[in-house]
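Subject: Structure handover

Dear colleague,

Here is the structure I said I would pass on. My notes follow below it.

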Amino acid sequence: MECRINAEDPDYDFRPSTGKISSFHVPGGYGVRVDTHAYAGYEVSPYYDSLIAKLIVRGKSREEVINKMSRALDEFVIEGIKTTIPIQVKILNDPNFRSGAFDIGYIDRFFGKNK
């Protein structure tokens with residue numbers, strides 16, 4: 001499973017969040033990988049892709065992967081800017097997502113949008 005960590009504010013329609021990253025700590029452990037170019041002191045520019053990192057986890061079952069990703073997101077610290085981490089934590093904790101009871105309309109329902 002992969003979570004793309006973006007410099008965006010989920011509370012404001014995923015607007016870009018620019019500025020200096022004041023604190024940056026990546027999670028680790030068996031089956032956890034982080035691909036990133038960012039670091040504490042890194043300046044997030046409004047002129048480029050908002051991708052800060054890719055967090056990838058692997059495990060033996062869907063449940064193990066979801067639990068491992070939840071832990072890894074909880075351990076991922078990026079301060080100074082807004083990121084997509086909080087919304088990804090909410091999605092991973094959603095009972096419908098956890099149970100696999102989702103379809104193409106899941107995100108619209110999750111955000112309370114009607115199509």
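How much accessible surface does the protein chain have, and what share of it belongs to carbon and sulfur atoms? The accessible surface is about 7,300 Å², and 51% of that belongs to carbon and sulfur atoms. Accessible areas come from the Shrake-Rupley method with a 1.4 Å probe, and for residues only the protein chains shown count as cover.

Please note that this is a predicted model, in which local features need pLDDT of at least 70 and side-chain atom pairs count only at pLDDT 80 or more, while totals for chains, interfaces and linings use all residues. Residues are numbered from 1 along each chain as its sequence is written, and side-chain values use heavy atoms, with hydrogens and water left out.

The overall picture

The protein chain has four helices and nine strands; these are DSSP runs, numbered from the N terminus, with helices (H or I) of at least four residues and strands (E) of at least two. Starting at the N terminus, the order of elements is β-β-β-β-β-β-β-β-α-β-α-α-α.

Along the principal axes, the C-alpha atoms fill a box of roughly 40 × 40 × 20 Å.

Of the 115 residues, 38% count as buried, a term that means under 20% relative accessible area (1.4 Å probe, protein chains only). Contact means heavy atoms within 4.5 Å. Among contacts between residues at least 6 apart in sequence, 60% join residues at least 24 apart.

Two residues to look at

Ser50 sits in the loop between strand S7 (43-44) and strand S8 (51-57). Ser50 counts as buried because its relative accessibility is 16%. Beyond its neighbours within four places in sequence, Ser50 is in contact with Ile5, Asn6, Ala7 and Glu8. With Glu8 there is also a side-chain polar contact of 2.8 Å (a pair of N or O atoms within 3.5 Å; within protein, one must be able to donate a hydrogen and the other to accept it, and residues adjacent in sequence count only if both atoms are side-chain atoms).

Ile66 belongs to helix H1 (residues 62-75) and is buried, at a relative accessible area of 1%.

Regards

Note on methods. Buried < 20%, exposed > 50% of the residue type's maximum accessible area, 1.4 Å probe, protein only.
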